[in-house]
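Here are my notes for your first look at this one. Have the viewer open and click along as you read.

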Amino acid sequence: MKTYIWTLPTRLFHWLLAVSFGVAYLLGGDEEYLSLHAALGSLIGGLILFRIIQGFSGPKYARFLNFPVSPASVREFILSMKRSKSEHPGHNPLASIIMLCILIAALASAMSGMLILASGETGMFGIRIRTGFDPDSLGELHEIVANTFLALVGIHLTGILVDTIFHPANGTILSIFTGYKKVQAKEAVSSAFHSGFSAFWFVIPLLVFIYVLKYQPIPAGEKDQTEQVKEENEETD
Ligand code: HEM
Ligand code: HEM
């Protein structure tokens, strides 16, 4: 028996997030690709905002209220791990906790990255902020948050593997591609409101991505090349 669990917006969110994270992480710290890095990071920030709103208004299994995170659910899940089928059609209790942590770490990565640029020469979205921190500390903070995000992704992938070993009958891995799990449960239904909302909210992060890509940002502590040449000329005069 196949049941529709992850609707298209949830799957699109997942794969855009996964690919953007992978590429943004690999490009992090490479000055040549700063614009692309910042654009992908900003896309991630926009996607997370979309997912948070979807968590309150979206289809059944995407709603945070349906994430079974109570201590009793976690305990019951761990004690019944040996059953070949999980009782949770959506995220299981441990997965729900990791998913929420990933959303927080992803948002914090995007915001700390934006802070580096906001306190630099070009600002971020035209906004300049005086944080009172030196650029190196902001860079370090961003690095710590990004590495926490990476560690959570590692736990997520390990969790999926363990769940697949213990509950092979659920078809969890395939579900993030097809939307369907092999469980008996209520189907997720995408209403016209959900579809309209998703279309709107995917376009906004993509527009932010294009805007930041063209922005040529300069991080805190560094100067625009033309500014630098001007200053050097003034010094020699
Ligand atoms: C950078 C990489 C990745 C990140 C940041 C990530 C993040 C996430 C997030 C946030 C969710 C929750 C989706 C939601 O509720 O909207 C999720 C679910 C899921 N992810 Fe990933 N993911 C990554 C890579 C992968 C990979 C490579 C796979 C393997 C196929 C995978 C398999 C799944 C599955 C099966 C679910 C649904 C789990 C369930 O039914 O409880 N993920 N992931
Ligand atoms: C959301 C996902 C993001 C991830 C996973 C991520 C990851 C990273 C990593 C791993 C580094 C290298 C740190 C190092 O080794 O020095 C880095 C550097 C950097 N990132 Fe991000 N980043 C993200 C978002 C952003 C955003 C949204 C921006 C700006 C809009 C940004 C701006 C920067 C800058 C300016 C640096 C260089 C910092 C320095 O060298 O001090 N990042 N990022």
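1. A quick word on classes before we start: Ala, Val, Leu, Ile, Met, Phe, Trp, Tyr, Cys and Pro count as nonpolar, Asp, Glu, Lys and Arg as charged, and the others, Gly among them, as polar. With that in hand, the shell around ligand 2 has 14 nonpolar, 10 polar and one charged residues.

2. Some housekeeping. This is a predicted model, in which local features need pLDDT of at least 70 and side-chain atom pairs count only at pLDDT 80 or more, while totals for chains, interfaces and linings use all residues. Residues are numbered from 1 along each chain as its sequence is written, and chains are lettered from A and ligands numbered from 1 in the order in which they are written.

3. Back to ligand 2. A residue is near a molecule or strand if its C-beta atom, placed from the backbone, lies within 6 Å of it. There are 25 residues around ligand 2, and Gly28, Gly29, Gly41, Gly113 and Gly139 come nearest. The elements giving two or more residues to this shell are helix 1 (8–27), helix 2 (34–57), helix 4 (93–118) and helix 5 (135–166). Helices here are DSSP runs (H or I, at least four residues), numbered from the N terminus.

4. Now ligand 1. Of the 22 residues around it, Ala18, Phe21, His91, Ala95 and Ile176 come nearest. Helix 1, helix 4, helix 5 and helix 6 (172–178) each give two or more residues to the shell around ligand 1, and helix 1 gives the most, with seven. By class, this shell divides into 13 nonpolar, eight polar and one charged.

5. Is Phe21 buried or exposed? Phe21, in helix 1, is buried because 23 other C-beta atoms lie within 10 Å (the cut-off for buried is 20 or more, with C-beta atoms placed from the backbone). Leaving out residues up to four places away in sequence, Phe21 touches Ile44 and Val153 (contact means C-beta atoms, placed from the backbone, within 7 Å).

6. Last, the core. A nonpolar core is a set of buried Ala, Val, Leu, Ile, Met, Phe, Trp, Tyr and Cys residues joined through C-beta atoms within 7 Å. The largest one has 31 residues, of which Leu17, Ala39, Leu43, Ile44, Leu47, Ala106 and Leu117 touch the most other members. Its largest share, 11 residues, comes from helix 4. Apart from this core lies another, of six residues, among them Tyr4, Ile5, Trp6 and Ala62.

Notes:
Buried ≥ 20, exposed ≤ 12 C-beta atoms within 10 Å, placed from the backbone. Contact = placed C-beta atoms within 7 Å.
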